[in-house]
Number of protein chains: 2
Amino acid sequence: MTKQPHILITNDDGIHAPGIRHLWNSIRQHAKVTVVAPISEQSAVGLSITIRTPLRIEKVIWESGSHDTWSVTGTPTDCIKLALRAILDQKPDMIISGINRGSNIGRGVLYSGTVAATIESVLQGIPAIAFSCHDYNVEPDYPTLSKYIYPIIQQIIKHPLPKGTLLNVNFPESKLAPFKGVKVTAQGNEWWGEDPDKRIHPSEGHSYYWLGAKLHQDEGEEGESAWLRRGYVTAVPVHVGDLTDRDHMESMKELFESNLEAAITN
Amino acid sequence: MTKQPHILITNDDGIHAPGIRHLWNSIRQHAKVTVVAPISEQSAVGLSITIRTPLRIEKVIWESGSHDTWSVTGTPTDCIKLALRAILDQKPDMIISGINRGSNIGRGVLYSGTVAATIESVLQGIPAIAFSCHDYNVEPDYPTLSKYIYPIIQQIIKHPLPKGTLLNVNFPESKLAPFKGVKVTAQGNEWWGEDPDKRIHPSEGHSYYWLGAKLHQDEGEEGESAWLRRGYVTAVPVHVGDLTDRDHMESMKELFESNLEAAITN
């Protein structure tokens, strides 16, 4: 029998969110699990890190026997960084983030704290999977989603993704269960648009804004949201590495290396 | 004579930082300029957006005659979103972010608030340039850097970058001036590693951590830091779009679409 893998879990909804507890429950029979998650909700913080204020790490007791559970007064990326450099003695075999309430699809991967934790992980050379659900009910049907968690992790343990690639998994709305299966697909064109709402402070009289967010669906038949609507669990291999636009380097060299000097007087 | 371009400027060091004032000074003779910048420093916040607290927008007077200067109690990305949807009547022709004190090179583009503002811009279809300097002195020699600003902007106005591509410009240390020219290069492998420093609270007695950050240089001769050390201004065309790892989609389909079902009991 092989040694149990060591899995670090985090999220961006905060350590008290039900999604992370279900994530933990769905893997703790199969793995040694350490939980390091933000003490408060950190949605849409992207890869934000906390460098101007200090961070506290505190032990959290979920139930007797759970000794490897920690809260951090920072972002999901702070959690990964502190877990690896201040909490754990050894690198974990994998890092899992979620289960996020609300999907992280399309361009949302760049803004999501849930996905950011997995970007940080693969940049540090550790395989990672983000789990989110396209469901905005107060309590998605986590037991149904949980059935998928460890089988997906197992496949990635057996067949590691290349360096710099994470797996971004989204579940359909719970009411579509039983789900039709897993669909490996490309990142869709979904994006969140702001929708500012101007209000007036009740006593001070000044204006303020709620930024607002409205999900714009991918219009295509192959977008992530299209598969989610059809009842498929979507899995997108997301690569974060060199973002250079190499197709345009040559034309840029001409513009900037040869033709700019005359305009600049040193 | 052609109409002056309308340029929106922001930063992540905050509206009171000297870098943004120099940016403004270096373009206001050539363009209609609107400034919308964070009221406080927002370094390393990445694409973080503020959705759980309201945001205030306030007019800032830099000097008599500067009427288009606004502070926002949020992140650089919040600034772009509110500028486009709550402050400006029309889309600007370009968005400029900086001048950041400290470079944004290598993987730092994913964490930087300065660069995030330009990522948000190109995702919204507006050309954008980030300016930072590889200089950690309290006051880099901004007048020297400023000479490069408008000539670079002009080239991008005349020869627009493709959709989804921004230009990430970094200046060498001021002491290396006069600079050797502009070098168009690929994103380097530089990265910031955390370096946590554990301390004890003076009265409460509990521990806390400073996350810490240490720049790891690219070892190669072609990395951004190598060119900066040689006295070149670096310019990297950075593309943010579909991050799908298409090379691995077929093998993933096999793992997840065909071979996972047996492990899952709906």
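What is the order of the strands in the open sheet of chain A?

## Sheet of chain A

The open sheet has nine strands in the order β3-β4-β2-β1-β5-β6-β7-β13-β8 (chain A), and its pairing is mixed. Strands and helices here are DSSP runs (E, at least two residues, for strands; H or I, at least four residues, for helices), numbered from the N terminus. Two strands pair if DSSP finds at least two bridges between them. β3 (57-59) and β8 (181-184) of chain A are the edge strands; each has a single partner strand, so one side of each lacks a neighbour in the sheet. On average, neighbouring strands of this sheet are turned by 25° against each other, direction ignored.

## Basis of the model

This is a predicted model, in which local features need pLDDT of at least 70 and side-chain atom pairs count only at pLDDT 80 or more, while totals for chains, interfaces and linings use all residues. Residues are numbered from 1 along each chain as its sequence is written, chains are lettered from A and ligands numbered from 1 in the order in which they are written, and side-chain values use heavy atoms, with hydrogens and water left out.

## Strand pairs and packed helices

β1(A) and β2(A) are parallel and share four bridges; I7(A) has V33(A) in β2(A) as its bridge partner. Six of the seven residues of β2(A) are buried (under 20% relative accessible area, with exposed over 50% and partly exposed in between; 1.4 Å probe, protein chains only). β8(A) runs parallel to β13 (residues 232-239) of chain A, joined by four bridges, and V182(A) stands opposite V233(A) in β13(A).

Helix α6 (residues 249-258) of chain B packs on the sheet and touches β7 (165-171), β8 and β13 of chain A, its direction making about 180° with that of β8(A). Contact means heavy atoms within 4.5 Å. Angles run from 0 to 180 degrees between N-to-C directions, and axes are lines fitted to C-alpha atoms, for helices over the stretch in contact. Helix α1 (residues 18-27) of chain A lies across β1 (6-10), β2 (32-38), β5 (94-101) and β6 (128-133) of chain A, at about 135° to β5(A).

## T234 of chain B

T234(B) lies in strand β13 (residues 232-239) of chain B. T234(B) counts as buried because its relative accessibility is 0%. Beyond neighbours within four places in sequence, the contacts of T234(B) include N168(B), K183(B), E224(B) and W227(B).
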